[in-house]
Amino acid sequence: MLKTQLNKLITLCKDKNAWLALIAGCALTFAYAPFGLWPLTFICFAIAAYVTEQPTPKQAAKYGFLFGFGWFALGISWVHVSIAQFGGLPILLSLLAMALLCAYLAIYPALAFAFATRYGKNHWQRLALLISGFAITEYLRGTLLTGFPWLSFGYTLTDSPFNSLAPWIGEFGLTLACIAIGYTGYWLVRFKYYKGVALTLIPFVLLYLFSLNNTDTRYSGQQLKTLLVQGNIAQSLRWAPEQFWPTMSKYQDMTRPNWADVDLVVWPEAAIPEIEDYAFDYLINLDKAAAFNNTALITGIPDYQFDTRNVYNSLIVLGKQQREDSEGHYRYLHRNRYQKHQLLPIGEFVPFEDLLRPLAPLFDLPMSSFSRGDAVQNNLVANGIHVLPAICYEIAFSELVRGNYTQESDILFTVSNDAWFGDSHGPHQHMQIARMRALELQRPLVRVTNNGISGVFDPISGQQLTIPQFTSDILSTELKLISGHSFFSKHGHTPVWLFVGLLLILVLLSNAKSYFTSKMEKAFF
């Protein structure tokens with residue numbers, strides 16, 4: 001048995017297509033932030049289309065799996081930083097954990113390629129099935145086992161000319177556009193089928209030209225003076241009880257000289273590490289200071305509710321809620337708050353915790369027993385501004401964020417603590433994902449984190465201002481507010497799913513026609 005497996009491994013190592021698939025997957029990392037070589041997405045997918053054009057679904061799945069493994073192994077290598085530094089696992093076990101995670105994620109593209117090979121009878125059918133197959137598998141990747149929708153292809157186009165499509169078809173639609181363009185590139189290079197390429201790309205070109213003249217959203221003429229405070233607290237100190245007061249004092253001291261100059265002050269996720277009930281006096285003083293200076297403060301804070309024993313990763317508003325307020329209205333459990341819904345596995349909740357927590361520090365991190373807030377919650381209201389919130393990992397869930405968008409939402413606000421991932425490309429990808437949400441919804445983005453990347457982004461001009469990573473600093477800026485509502489904010493992914501359904505119907509009808517034609521020929525001839 002062992003000899004057989006070794007022979008298979010040797011054969012795989014000699015397989016040119018296997019190496020092409022793995023290298024193409026790894027190269028995809030450079031299409032995302034911070035590298036931004038977005039045309040690589042089309043090239044890498046074209047290579048994947050080439051190596052997965054196999055006679056059997058099993059062979060297509062093998063090369064699709066290798067492509068996916070490379071895609072995630074290098075693309076989310078930043079996860080290993082947190083496992084190695086804070087997980088308490090030996091290096092071999094931490095690498096094994098990463099390999100298992102990447103292997104799991106690679107199953108999804110493998111299934112998409114196998115699906116297209118199994119049911120695609122010609123090139124146009126294979127393209128249609130790759131688009132629809134990836135739509136289904138990417139949806140499942142973002143849903144099953146709480147979901148991990150990181151590194152979808154569409155994010156690579158955040159800073160490309162194609163980002164004008166985001167308010168219409170969202171990142172999900174852009175992902176399918178990447179597949180169509182990549183496959184037609186392969187089609188063109190290998191088969192010189194110009195007519196097929198033209199017929200495939202014309203709808204995307206027309207939609208792109210139409211999107212350039214989008215007049216549904218525009219500047220409202222209002223501006224919001226905003227102060228972002230980045231404390232840069234070492235991760236090893238964040239949950240040490242003796243460091244709670246120094247951390248809270250630091251944020252207060254960084255904010256105090258700037259109260260009077262801004263409409264809104266924002267602090268990061270759990271900037272106040274003390275649980276809310278215990279921090280009551282501190283919060284009351286902050287509430288009074290913000291209201292006295294005619295402003296509002298939004299901060300992250302953990303909330304342990306003693307009666308239910310539920311603990312929430314929360315955002316609360318201090319100071320003025322409405323512009324006409326002359327004083328703050330903070331009280332414990334006031335309704336102007338947001339409780340995180342999409343919790344991070346291991347980091348914020350541990351499945352099978354009775355079994356896993358004793359095994360290693362990785363499964364027993366501080367503050368890893370959060371409860372889940374509602375999926376749909378009211379926007380925060382701060383100084384008359386309606387704030388659409390998302391905490392950390394939630395910003396990667398497009399439909400969750402859109403589900404909390406309202407006709408009154410003025411800005412998109414997200415907080416995080418990316419200190420877990422050090423000086424890796426993870427925080428850059430996180431900021432890129434947040435900017436894609438702003439493009440989809442056409443609302444200014446305010447993102448504040450513990451140690452970066454904190455900043456603001458204007459989805460109309462594309463202008464971004466940030467605080468340098470790994471520094472204690474502030475950013476005071478004026479945001480131009482936007483009126484009107486994007487097509488995506490009103491319809492979400494529904495139009496894209498209708499397009500996917502149409503493709504599947506066309507393939508089904510084509511195959512049915514071929515089947516009955518074949519039966520008729522056999523019957524009469």
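Author: In β3, Ala 296 is the bridge partner of Leu 264. Two strands are said to pair if DSSP finds at least two bridges between them. Strands here are DSSP runs of E with at least two residues, helices are runs of H or I with at least four, and both are numbered from the N terminus.

A note on the basis: this is a predicted model, in which local features need pLDDT of at least 70 and side-chain atom pairs count only at pLDDT 80 or more, while totals for chains, interfaces and linings use all residues. Residues are numbered from 1 along each chain as its sequence is written, and side-chain values use heavy atoms, with hydrogens and water left out.

β3 also pairs with strand β4 (residues 310-319), this time antiparallel, through ten bridges.

Now the whole sheet. It is open and has six strands in the order β5-β4-β3-β2-β1-β12, with mixed pairing. At its edges are β5 (337-339) and β12, each of which pairs on one side only. On average, neighbouring strands are turned by 30° against each other, direction ignored. In a regular strand the side chains alternate between the two faces of the sheet.

At the β12 end, β12 and strand β1 (residues 218-230) run antiparallel and are joined by ten bridges. Within that pair, Thr 226 has Thr 477 of β12 as its bridge partner. Helix α11 (residues 244-255) packs on the sheet, touching β1, β2 and β12, and its direction makes about 130° with that of β1. Contact here is heavy atoms within 4.5 Å, and axes are lines fitted to C-alpha atoms, for helices over the stretch in contact, with angles from 0 to 180 degrees between N-to-C directions. Helix α12 (residues 280-292) lies across β3 and β4 and runs at about 30° to β4.

Phe 470 lies between β11 (464-467) and β12 (473-483). Its phi is positive, about 60°, although Phe 470 is not a glycine. With 35% relative accessibility, Phe 470 counts as partly exposed.

Gly 452 and Ile 453 are joined by one, with omega about 10°, and Ile 453 sits in the loop between β9 (445-449) and β10 (454-457). Ala 33 and Pro 34 are joined by another, with omega about 5°; Pro 34 is in the loop between α2 (16-27) and α3 (40-51). Leu 37 lies in that loop too, and is partly exposed at 47% relative accessible area. Setting aside residues up to four places away in sequence, Leu 37 touches Phe 30 and Ala 31. Between Leu 37 and Ser 160 there are 123 residues in sequence but 9.3 Å in space, C-alpha to C-alpha.

Last, a helix pair. Two packed helices are described by the angle between their axes and the distance between the axes. For α2 and helix α4 (residues 57-75), the axes come within 6 Å and cross at roughly 30°. Residues meeting across this contact include Ala 21 and Leu 22 from α2, and Leu 66 and Phe 67 from α4. By class, the contact holds eleven nonpolar, three polar and no charged residues; Ala, Val, Leu, Ile, Met, Phe, Trp, Tyr, Cys and Pro count as nonpolar, Asp, Glu, Lys and Arg as charged, and the others, Gly among them, as polar.

Note on methods
Buried means under 20% relative accessible area, exposed over 50%, partly exposed in between (1.4 Å probe, protein chains only).
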